Amino acid sequence: LVQSANTSFRKFTSTHSPTTSFAYRSRRSFSSALSPEDIQKRLDDFQELFVEARMCIEDVEESMGTKYFDDDAEAAQEAVDEAVAAFEKLIEDIKDVDEKN
């Protein structure tokens, strides 16, 4: 889970764009309450939370053995929980199984 500070974050991407996906799904009776734009925005929001959580985890790694460790560990846990909750909520709100993939 904890990676070195030199590791770079790679943005989650898929092999198809949201607009291409939408065009394909709209021909298949698109059934989600979320538009492709809404899904992409929420994925972007999740990515920001994920990056923040990762940075917090790196802070914990760097503060190990210092008086800041407990506070950093608590902040990291909260950031991870927030990112996981955002992702789980997105998956819950997507009704079409194909959109979840």
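Phe46 and Phe50 sit 4 residues apart in helix H2, residues 36-63, so about one helical turn separates them. Helices here are DSSP runs of H or I with at least four residues, numbered from the N terminus. This is a predicted model, where local features need pLDDT of at least 70, side-chain atom pairs count only at pLDDT 80 or more, and totals for chains, interfaces and linings use all residues. Residues are numbered from 1 along each chain as its sequence is written, and side-chain values use heavy atoms, with hydrogens and water left out.

Now the rings. The structure has 2 aromatic pairs; rings of Phe, Tyr and Trp (its six-membered ring) pair if their centres lie within 6.5 Å, and planes under 30 degrees apart are stacked, over 60 edge-to-face, the rest tilted. For Phe46 and Phe50 the centres are 6.0 Å apart and the planes at 45°, so this pair is tilted.

Phe46 is buried, at 10% relative accessibility, while Phe50 is partly exposed at 28%. Buried is under 20% relative accessible area, exposed over 50%, partly exposed in between, with a 1.4 Å probe and protein chains only.

Phe46 also pairs with Phe87: centres 5.1 Å apart, planes at 45°, so tilted. That pair links distant parts of the chain, with Phe46 in helix H2 and Phe87 in helix H3, residues 69-93, 41 residues apart. Phe87 is partly exposed at 36%. Phe46, Phe50 and Phe87 make up one aromatic cluster.

On confidence: pLDDT, the predictor's confidence in each residue from 0 to 100, has a mean of 76 for the protein chain, and 62% of its residues reach 70 or more.

Definitions and conventions: Helix = DSSP H or I, 4+ residues; strand = E, 2+ residues; numbered from the N terminus.
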